[in-house]
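User: Please take a close look at one part of this structure. I would like a single connected account of one residue and its surroundings.

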Amino acid sequence: MEQHLVEQERENAHLSISRRLRRNRKSPAVRSLARETRLHPSDFVAPIFLLEGEGNKEEVPSMPGVFRYTVDQAIEEVKELYDAGIRAVDLFPVVPPERKDSFGSEAIRPGNLVLTAIEKIKQKIPEICVMVDVALDPYTDHGHDGLINPEGIVINDLTVRLLAKMSLLAAQAGADVVAPSDMMDGRVAYIRQSLDEKGYEDTSILSYGAKYASSLYGPFRDGIGSSLKIGDKKTYQMDPANVREALLECNMDEWEGADMLMVKPALAYLDVITKLREQSDLPIAAYQVSGEYAMIMAAAEKGWLDADKVLMETLLSIKRAGASIIFTYAAKHAAALISR
Ligand code: PBG
């Protein structure tokens, strides 16, 4: 617009409107009064990748800033997380190929990497909530979450029995929460029953209730070396097209005895989180998965996005959608940004 036209407009520019929402945005102080959602370090759960051996820590190439730790190093990391205000970690083992087989037998070997880590972390930092992912994919040579038949299809009921064994061993090692991430039918009820029978009625189950067959898990599979050798996970993980089915899955898990429910991935499934929040009164978790993290970091490396800002915006959106627990690889960094 030409300058003189703007001047003309200015003279008559007072609209007689009384509702002005911009008043609530006029300063940082007023915006903080109007703010509906706030992140807190205790919202976060930090996934931890575990390595065999001692004194070692290596970065995951497709997840800058994310490391695999031997148990002694993991303990140091957990201390730092606790000091940063984070109250829960979720453990994943990197199993050497020579210890993998088609049954995932390493998963139920007493004293395996994850069980050792649970014990040692609980010994050194008893205040932290230790969760453990329950699924066979780190342990099977084919990379599926359960035992497969000759056609490559995961066998539900046999897998569930193994998952219950894994859960019981984790509970015995001192895990506070077992988190089945496999999407087998009936596993929450069976795990609950197995834990209760042995006196572990206080061990919680956080069920990955709505876990999608997503293309966003790639960096994680690089991270723990669990890439699929045969087929895909579409016969057990959910179709990204479905939301009603997610509500059914979560409803069943709730009535089978889940204490907390998870939606995964997070950012592409915010509608699922919101609908689940309306359906259930249980605490709801969402997992900002490896691909979500990698996309932000990769764009930032190119100078195309501001990683810190995008990170906080996405975490906030996950909470606003209805998740009160957020699994994120950026837990420690986000906690530091919050307290700045
Ligand atoms: C194992 C499991 C996966 C993730 C968490 N638990 C991978 C998969 O299902 O293939 C993915 C986490 C991530 O991408 O950050 N069942």
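Analyst: Asp145 is placed in the loop between β5 (129–134) and α5 (156–173). Helices (H or I, at least four residues) and strands (E, at least two) are DSSP runs, numbered from the N terminus. This is a predicted model: local features need pLDDT of at least 70, side-chain atom pairs count only at pLDDT 80 or more, and totals for chains, interfaces and linings use all residues. Residues are numbered from 1 along each chain as its sequence is written, and side-chain values use heavy atoms, leaving out hydrogens and water.

Is Asp145 buried or exposed? Asp145 counts as buried because its relative accessible area is 0%. Buried means under 20% relative accessible area, exposed over 50%, partly exposed in between (1.4 Å probe, protein chains only).

Now the neighbours. Not counting residues up to four places away in sequence, Asp145 touches several residues, including Asp137, Ser181, Lys211 and Lys233. Contact means heavy atoms within 4.5 Å.

Next, the ligand. A polar side-chain atom of Lys233 lies 2.7 Å from an oxygen atom of the ligand. For Lys211, a polar side-chain atom is 2.6 Å from a ligand oxygen atom.

How values were computed: Polar contact = N/O pair within 3.5 Å; in protein donor to acceptor, adjacent residues only side chain to side chain.
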